[in-house]
Amino acid sequence: MRKSIWEQRTLERDNIKPVWKQPRGSYGNNFWQMYSCKLGRDVHFYSSLEHDHGVIVEADPNVVWFCEQPLRIRIKLDGRDRETVIDMLVHFTDGRTQFREVKYASAVESAEHDSRLTRQLTAQQEWAFVTANDYKIVTDQEIRRNPQFLLNWKQILSHLAPYASYDLTKIESDLLAAFDERDSWPLGYLASNVSLRDRQAVKAAIYRLIHGGLCTAPLDLFPLTNSLIISRGTK
């Protein structure tokens with residue numbers, strides 16, 4: 001029997017694993033870990049910029065799943081064999097996939113022609129062309145263009161991680177029922193008055209609803225406080 005597109009995406013997600021583990025030595029000191037609700041596992045990054053990029057991808061409703069360090073590529077460039085690991089593979093809701101490399105814009109702009117960085121990016125771009133894969137260099141200018149949004153989602157994901165195995169279904173139902181009375185509520189009201197359960201668990205349920213698109217909040221404009229307005233989403 002033919003699998004549905006969502007079953008195929010789940011199968012792809014489960015079969016693609018990171019190829020690079022935490023390095024030892026000084027390079028391993030800049031090692032970041034984040035729990036991904038989309039993947040149901042911890043994801044690992046090797047710089048603060050890669051971590052920030054992971055937060056943005058996790059928060060993006062157009063992303064179904066992603067994998068960090070998904071592929072080690074080998075390609076002949078200028079007569080020499082080049083090997084490099086791409087930072088991320090992103091799979092979108094419309095079925096598109098995109099390989100991404102995360103870099104600081106200043107480093108890319110100032111890289112000399114024969115530098116290690118130039119060779120790395122050239123090898124990746126050539127590989128993407130030869131294999132007909134979508135490829136993008138994502139810089140700090142894009143990743144960190146909205147510090148408020150990034151900070152809010154770091155707080156949300158940090159709060160959600162301890163509740164990864166909790167069944168918050170009943171709390172979520174209570175929260176969604178509150179929107180039958182009015183279109184929006186302050187975060188503090190929802191956390192304090194909608195459910196008799198633990199306030200922190202209720203907040204986790206609110207954040208999970210936002211993450212899943214069942215609720216929305218202007219996270220790009222305002223800090224994550226009790227006065228933040230939460231509205232019912234379109235999903």
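User: In this predicted model, is the crossing of α6 and α9 left-handed or right-handed?

Analyst: Helix α6 (residues 147–160) packs against helix α9 (residues 199–211) at an angle of about 125°, and their axes lie 9 Å apart. That angle makes α6 oblique to α9. As for its hand, the crossing of α6 and α9 is left-handed.

User: Which residues of α9 make the contact with α6, and how many nonpolar, polar and charged residues does the contact have?

Analyst: From α6, the contact draws on Trp-153, Ile-156, Leu-157, His-159 and Leu-160, while α9 supplies Gln-200, Lys-203, Ala-204, Tyr-207, Arg-208, Ile-210 and His-211. Sorted by class, the contact of α6 with α9 has two charged, three polar and seven nonpolar residues.

User: Is Gln-69 buried or exposed?

Analyst: Gln-69 sits in strand β3 (residues 63–77), and its phi is near 50°, a positive value in a residue other than glycine. Most residues other than glycine have a negative phi. Since buried means under 20% relative accessible area, Gln-69, with a relative accessible area of 1%, is buried.

User: What is the relative accessibility of Ala-132?

Analyst: Ala-132, in the loop between α4 (116–131) and β6 (135–139), has a positive phi of about 60° although it is not a glycine. Ala-132 counts as exposed, its relative accessibility being 70%.

Conventions:
Residues numbered from 1 in each chain as written. Predicted model: local features only at pLDDT ≥ 70, side-chain atom pairs only at ≥ 80, totals over all residues. Heavy atoms only, no water. Axes fitted to C-alpha atoms, helices over the stretch in contact; angles between N-to-C directions. Helix = DSSP H or I, 4+ residues; strand = E, 2+ residues; numbered from the N terminus. Parallel < 35°, antiparallel > 145°, perpendicular 65-115°, else oblique. Left-handed = near helix turned anticlockwise from the far one by under 90°. Contact = heavy atoms within 4.5 Å. Nonpolar A, V, L, I, M, F, W, Y, C, P; charged D, E, K, R; others polar. Buried < 20%, exposed > 50% of the residue type's maximum accessible area, 1.4 Å probe, protein only.
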